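Trainee: Could you take one part of this chain and go through it closely, from its start to its end, with its surroundings included?

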Amino acid sequence: MTGEARKEPEPPFLNTIEAAAWLRLTKNTLEKMRVQGRGPVYRKHGRYVRYHIEDLVDYSAASKR
């Protein structure tokens, strides 16, 4: 190693607040979309809802007009 600090890769999973910010939505809007079945794909890790960054990218691309 040449003295540089190794940067850990960004985790691929975002929580609801992070995913909403990435999509430029409010947390409440993203939660409503999830309940109504019209938001991006999400995963349950135990009791926690997580969004994979690739799923957010796919959702955004599918919403392109």
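What follows is a close look at one helix and the loop after it.

Mentor: The model is a predicted one, and its chain contains three helices and three strands, which run β-α-α-β-β-α from the N terminus on. Of the 65 residues of the chain, 22% count as buried, and helix 1, spanning 16-23, contributes Thr16, Ala19, Ala20 and Leu23 to that group. Seen down the axis of helix 1, these buried residues fall within an arc of 100°, so they line one face of the helix.

As for the surroundings, the buried residues of helix 1 pack against strand 1 (13-14), helix 2, strand 3 (48-52) and helix 3 (53-62). Across the chain, 45% of the contacts with a separation of 6 or more are between residues 24 or more positions apart.

After the helix comes arginine 24, whose phi is positive, near 65°, although most residues other than glycine have a negative phi. Arginine 24 lies in the loop between helix 1 and helix 2 (27-36), and with a relative accessible area of 72% this arginine is exposed, whereas Leu23 is among the buried residues of helix 1.

Conventions. Residues numbered from 1 in each chain as written. Predicted model: local features only at pLDDT ≥ 70, side-chain atom pairs only at ≥ 80, totals over all residues. Heavy atoms only, no water. Helix = DSSP H or I, 4+ residues; strand = E, 2+ residues; numbered from the N terminus. Buried < 20%, exposed > 50% of the residue type's maximum accessible area, 1.4 Å probe, protein only. Contact = heavy atoms within 4.5 Å. Arc of directions from axis to C-beta.
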